[in-house]
Amino acid sequence: MDFPIVKRATPGRYLLRGLLSCGPCDELLIPSFSSSGRRYYGCPRRQCPRPWIPAEQTEQLVWAHFASTHGAAARDVPNDQRQAILTAVLARVSIGVRIADLQYHWR
């Protein structure tokens, strides 16, 4: 995937900020957005084999996994409190070349 104009994101709006790392490079992914306003996470290394990943899809996958393993604790959590909860229980989430290649590292 090629995104001609991708800018670094400002604080907020990124559930996995500081938690998502690149599996191939072992670097923290950078929250970014395209000129159309779509949110992404990307590796800071230019030669990384893993393409930019859509933030919304990735965040939904991680929250769904958390909810499936922590059922009652996740059920009624408002969206604005999800990042704090994930930061408390996850050390990081590594992502491989594909979005589905997620590895969870719990605290």
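This is a predicted model: local features need pLDDT of at least 70, side-chain atom pairs count only at pLDDT 80 or more; totals for chains, interfaces and linings use all residues.
Biologist: At what angle do the axes of helix 1 and helix 2 cross?
Modeller: The axes of helix 1, residues 55-75, and helix 2, residues 82-89, cross at roughly 65°. These axes come within 12 Å.

Biologist: How are the two helices oriented to each other, then?
Modeller: With a crossing of roughly 65°, helix 1 and helix 2 are therefore roughly perpendicular to each other.

Biologist: Is the crossing left-handed or right-handed?
Modeller: The crossing of helix 1 and helix 2 is left-handed.

Biologist: Which residues meet there?
Modeller: Helix 1 contributes Val62, Trp63 and Phe66. On the side of helix 2, they meet Arg82, Ile85, Leu86 and Val89.

Biologist: How many of the residues in that contact are nonpolar, polar or charged?
Modeller: Six residues of the contact between helix 1 and helix 2 are nonpolar, none is polar and one is charged.

Biologist: Let us turn to the overall fold. How many helices and strands are there?
Modeller: The protein has two helices and seven strands.

Biologist: In what order do they run?
Modeller: Starting at the N terminus, the order is β-β-β-β-β-α-α-β-β.

Biologist: What percentage of the residues is buried?
Modeller: Of the 107 residues in the protein, 38% are buried.

Biologist: And what about the accessible surface?
Modeller: The accessible surface amounts to about 6500 Å². Carbon and sulfur atoms account for 50% of that surface.

Biologist: Which residue lies 46 residues from Pro51 in sequence but 7.2 Å from it in space?
Modeller: That residue is Val97, with the distance taken from C-alpha to C-alpha. Pro51 itself lies in the loop between strand 4 (39-42) and strand 5 (53-54). With a relative accessibility of 31%, Pro51 counts as partly exposed.

Biologist: A backbone topic next. What is phi at Asp26?
Modeller: Phi of Asp26 is near 60°, a positive value in a residue other than glycine. For context, most residues other than glycine have a negative phi.

Biologist: Where is Asp26, and is it buried or exposed?
Modeller: Asp26 is in the loop between strand 2 (20-22) and strand 3 (30-34). The relative accessible area of Asp26 is 53%, so Asp26 is exposed.

Key: Residues are numbered from 1 along each chain as its sequence is written. Side-chain values use heavy atoms; hydrogens and water are left out. Axes are lines fitted to C-alpha atoms, for helices over the stretch in contact, and angles run from 0 to 180 degrees between N-to-C directions. Helices (H or I, at least four residues) and strands (E, at least two) are DSSP runs, numbered from the N terminus. Angles under 35 degrees count as roughly parallel, over 145 as roughly antiparallel, 65 to 115 as roughly perpendicular and the rest as oblique. A crossing is left-handed if the near helix is turned anticlockwise from the far one by less than a right angle, and right-handed if clockwise. Contact means heavy atoms within 4.5 Å. Ala, Val, Leu, Ile, Met, Phe, Trp, Tyr, Cys and Pro count as nonpolar, Asp, Glu, Lys and Arg as charged, and the others, Gly among them, as polar. Buried means under 20% relative accessible area, exposed over 50%, partly exposed in between (1.4 Å probe, protein chains only). Accessible areas come from the Shrake-Rupley method with a 1.4 Å probe; for residues, only the protein chains shown count as cover.
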